[in-house]
Amino acid sequence: MAQGEIRLEAGWKAALEDEFDKEYMRTLREFLRTQKVSGKVIYPPGAQIFNALDSTPLDRVKVVIIGQDPYHGPGQAHGLAFSVPPGVKPPPSLQNIFKELERDLDIPRPHHGCLTHWAEQGVLLLNAVLTVEASDAGSHAKRGWETFTTRIIEVAAQQHEHLVFMLWGSYARKKAEQLDLSSHCVLTSAHPSPLSAHRGFIGNGHFSDANNYLQLHGCKPIDWALPGSAV
């Protein structure tokens, strides 16, 4: 992740360019370099670390969904929070997201878990930490990514009015509480994890609430139905 090699959507790159020169980011780059040199497997692949930003340009953001860190199993992470690439079985949290979509909007559960269709419509699927070591959840926490992704959320909130923030679980709520989101719609509930989904995630109505808010403010609603099947 050397600065000269950073490939990033132009709008986000212009807004975040100064971050790459800061001390925390230099320290983070050195940490990732050391991990790679020592033979550690890191997810997602390097070219997909900024996939959330590349898939949802800054000027198109409508909804922000905040995850914690990437999936740490082989082939699962591709840079979009909660999403998996085509052909990979949806993990339990994502299955619960689909369960709530079916309950809320009568959208049949898809046979795949690739959320690129959402990202392309303006749903920023942002993990608070953008990398992880294989088979070691949370292994890259507190290395600097949190500072960077807080800045991403701050930029989105400043550049736009009437965004929808979908904050699932205490981690996502804490991530956003330091920011001024008073001109936006903030939806909170339990996390879709199997450990907590039935304590308030299932039944939260966030998908219909988000679309109602967007339409109220003259924005095209999100088509939450995923096209096709990737299995």
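Me: Is Asn211 buried or exposed?
Reply: This is a predicted model, with local features needing pLDDT of at least 70, side-chain atom pairs counting only at pLDDT 80 or more, and totals for chains, interfaces and linings using all residues. Residues are numbered from 1 along each chain as its sequence is written, and side-chain values use heavy atoms, without hydrogens and water. Buried means under 20% relative accessible area, exposed over 50%, partly exposed in between (1.4 Å probe, protein chains only). Asn211 has 11% relative accessibility, so Asn211 counts as buried.

Me: Which residues does Asn211 touch, not counting residues up to four places away in sequence?
Reply: Contact means heavy atoms within 4.5 Å. With residues up to four places away in sequence left out, Asn211 touches Pro221, Ile222 and Trp224.

Me: How far apart in space are His217 and Glu30?
Reply: In sequence, 187 residues separate His217 and Glu30. In space, C-alpha to C-alpha, the distance between His217 and Glu30 is 44 Å.

Me: How many charged residues are in the lining of the second largest pocket?
Reply: Ala, Val, Leu, Ile, Met, Phe, Trp, Tyr, Cys and Pro count as nonpolar, Asp, Glu, Lys and Arg as charged, and the others, Gly among them, as polar. By class, the lining of the second largest pocket has 13 nonpolar and 11 polar residues. The charged residues number 2.
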